[in-house]
Amino acid sequence: MAEPLFRRLALLGIGLIGSSVARIAKERGDIAAEVVANARTPATLERVRQLGIADRVEADPAAAVAGADCVMLCAPVGAFAALAEAIAPHLAPGAILTDVGSTKQSVIRDVGPLVPAGVHFVPAHPLAGTEYSGPDAGFTTLFENRWCLLTPPPGTDEDAVEKIAELWRRCGAMVETMEPAHHDRVLAIVSHLPHLIAFTICGTADDLEDESRQEVLQFAATGFRDFTRIAASDPVMWRDVFLNNREALLEMLARFMEDAQAMARAVRWGDAAYIEDKIMRGRRIRRSLIELKQA
Ligand code: NAP
């Protein structure tokens, strides 16, 4: 077995993502010699103790990061500023501070200025998830063959970046570095907008009069059913993602609404060729995803 990358890894937030990292670290043994977990509520802390997925559980984030050579923020992105403020004075010199947040410019904006001199800041985002949350939701294969995007600010220590890249490779992920604004635009279209549409369509169905709503549930075919899976995701996490990727999300939404209008026009005027062409494009995209093993 390779040497552990870190002596002590502190996970601040131990839901789907944090608990998956903890489980992998425990199973492999070459990520960190010790894993410390922190969460907001006593119930989650107690559950983590029962599950035995961390070596130590700390209710206080400052105590959790003390002496850690890697600290990973795994809470909703809206909580990062307060968390960073609480831990900044307690970060060990030379430690790496990283995160898994779904938005990257906001994390750099909120956390970056609070990082003490001598601590390396390597923002990251594993592109893997399910609609489940909490410490029971994590599993060791979550990141396998998924991408993890790193968005280190210019001038970040290269060894620190490489250590975080290696951490994610040991979690099974493929790693790429990306500029944060670009990350936020790409994620707005591949993840944030689809979630927004799923939440919205479920709301639309729920607003229907009683009789039709009943039928939506009873006869939910794959189309609506697939949307409900995405719409079952954690409300706090997604609220924070929308509010912290506002510009890119609104831009993609505006483009989407224009295209949806064009589709509506084609339906109204019976433009069969237009409709067929759009459906064909959808099929081609699906086929490419399958070929890239990202389906
Ligand atoms: P989750 O399952 O809901 O877990 C969130 C964790 O953060 C819980 O342990 C929670 O503790 C803790 N927490 C919540 N509010 C906090 C606060 N104010 N201060 C400190 N800790 C707090 O969430 P997740 O799905 O793992 O997502 C975590 C992060 O990963 C988010 O930033 C998200 O954007 C990112 N991400 C998510 C996905 C996905 O698909 N789910 C994919 C990639 C990245 P309590 O249980 O005690 O409240």
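Trainee: What makes the crossing of H7 and H11 right-handed?
Mentor: The test looks at the near helix against the far one: turned clockwise by less than a right angle is right-handed, anticlockwise by less than a right angle is left-handed. H7 passes H11 in the right-handed way. Before we go on, note that this is a predicted model, where local features need pLDDT of at least 70 and side-chain atom pairs count only at pLDDT 80 or more, while totals for chains, interfaces and linings use all residues. Residues are numbered from 1 along each chain as its sequence is written, and side-chain values use heavy atoms, with hydrogens and water left out.

Trainee: How do you know at what angle the axes of H7 and H11 cross?
Mentor: Each axis is a line fitted to C-alpha atoms, for helices over the stretch in contact, and the angle between N-to-C directions runs from 0 to 180 degrees. Helix H7 (residues 180–207) and H11 cross at roughly 65°, and their axes come within 9 Å. The helices themselves are DSSP runs of H or I with at least four residues, strands are E runs of at least two, and both are numbered from the N terminus.

Trainee: Which residues of H7 and H11 make the contact?
Mentor: Contact means heavy atoms within 4.5 Å. On the H7 side the list includes Ala188, His192, Leu193 and Leu196, and on the H11 side it includes Ala248, Met252, Leu253 and Phe256.

Trainee: Why are H11 and H12 called oblique to each other?
Mentor: Helix H11 (residues 246–268) and helix H12 (residues 272–291) pack at about 135°, their axes 8 Å apart. Angles under 35 degrees count as roughly parallel, over 145 as roughly antiparallel, 65 to 115 as roughly perpendicular, and the rest as oblique. The pair H11 and H12 is therefore oblique. By the crossing rule, H11 and H12 are left-handed. Where they meet, Asp259, Ala262, Met263, Ala266 and Val267 of H11 face Tyr274, Ile275 and Lys278 of H12.

Trainee: How do you know that E4 and E5 pair?
Mentor: Two strands pair if DSSP finds at least two bridges between them. E4 and strand E5 (residues 96–99) have four, in the parallel sense, and Met72 has Thr98 in E5 as its bridge partner. Strand E1 (residues 6–12) also pairs with E4 in the parallel sense over four bridges, with Val71 as the partner of Ala10.

Trainee: What makes the unit of E4, H4 and E5 right-handed?
Mentor: Look with the strands pointing away from you: a crossover is right-handed if the path from the first strand over the helix to the second runs clockwise. E4, helix H4 (residues 80–87) and E5 form such a right-handed β-α-β unit. Within E4 (residues 70–73), Cys70 and Met72 point one way, Val71 and Leu73 the other, and all are buried.

Trainee: What makes E7 and E9 edge strands?
Mentor: The open sheet has the order E7-E8-E9, with mixed pairing. Strand E7 (124–126) and strand E9 (174–177) each have a single partner strand, so one side of each lacks a neighbour in the sheet. On average, neighbouring strands here are turned by 20° against each other, direction ignored. E7 and strand E8 (residues 147–150) pair in the antiparallel sense over three bridges, and Pro126 stands opposite Cys148.

Terms used: Buried means under 20% relative accessible area, exposed over 50%, partly exposed in between (1.4 Å probe, protein chains only).
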